[in-house]
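Colleague: I am new to this structure and would like to learn how to read its features. Could you take me through a few of them?

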Amino acid sequence: MWKSNPDGGPERLVALADGVFAIAITLLVLDLSVPRGLDTQEYHEALRELLPDLGAYALSVAVLGSFWRDHRRIFRTVREIDGQVMALSLLGLGAAALLPFPTRLVSEYGAEPASVAICAAAVAALGAAHLALVAVLAGRPWLRGDFTPAGGFRLYALDLAVTVVVFLLTIPLTLAAGAAAAWWWLVLIPVKVALGRRARPRAGR
């Protein structure tokens with residue numbers, strides 16, 4: 001059984017996470033470019049070809065930004081970390097750093113079901129790592145501030161669980177609907193809005 005031995009505050013871990021998410025978003029930008037020396041017609045054609053890249057970039061920035069925000073919220077009330085918290089955090093950061101690769105697949109081969117499935121699997125892995133992290137912290141009050149009840153993590157857990165389920169369901173959906181299964185991700189918009197409304201009264205108390 002894994003023993004929880006507190007190993008200092010979370011400051012360095014949070015700083016590492018900030019750096020990893022920043023680098024991952026920066027890598028997404030590096031894939032956006034237009035060749036030099038084009039005439040007017042070729043230039044406008046290159047811009048049109050860049051639209052799928054911009055769409056994939058916007059989606060990935062939204063995903064990474066959401067997980068970065070949640071990571072900071074999770075650790076806002078954490079006073080100490082242990083080995084398992086560090087391991088789960090590093091697992092999630094590894095998935096975050098990997099996200100530029102499936103983003104590139106979606107932008108260049110978005111019509112291929114495998115590209116959508118790989119991207120969905122990467123996001124689900126990132127969400128699952130964060131969900132496991134929340135579960136561990138909820139069960140270890142000695143790592144949290146005295147004023148933070150375990151129930152404070154329930155909304156985060158629900159949010160992450162919905163994200164993981166939606167992206168996992170996309171993988172088998174690609175077998176039936178092909179790359180169009182990516183539209184299933186839009187289900188998260190109303191869900192996130194509803195969960196955000198539930199969080200506001202809690203935050204104001």
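Colleague: Which residues form a nonpolar patch on the surface, and what is their accessible area together?

Modeller: This is a predicted model, in which local features need pLDDT of at least 70, side-chain atom pairs count only at pLDDT 80 or more, and totals for chains, interfaces and linings use all residues. Residues are numbered from 1 along each chain as its sequence is written, and side-chain values use heavy atoms, with hydrogens and water left out. A patch is built from residues with over 30% relative accessible area and no salt bridge, like charges being joined within 9 Å and nonpolar side chains (Val, Leu, Ile, Met, Phe, Trp, Tyr) within 5 Å; areas follow the Shrake-Rupley method with a 1.4 Å probe, only the protein chains shown counting as cover for residues. Here Val165, Leu169, Leu173, Trp184 and Val187 form the patch, with about 370 Å² together.

Colleague: Where is the place of Leu169?

Modeller: Leu169 sits in helix α6, a helix being a DSSP run (H or I, at least four residues; strands are E, at least two) numbered from the N terminus. Leu169 is partly exposed at 41% relative accessible area, where buried means under 20%, exposed over 50% and partly exposed in between (1.4 Å probe, protein chains only). Buried residues of α6 include Leu160, Val164 and Phe167.

Colleague: At which residue does α6 bend?

Modeller: A bend is the angle between axes fitted to the seven residues ending at a residue and the seven starting there. In α6 the bend is about 40° at Ile171, with Pro172 following within four residues.

Definitions and conventions
Salt bridge = Lys/Arg side-chain N within 4 Å of Asp/Glu carboxyl O.
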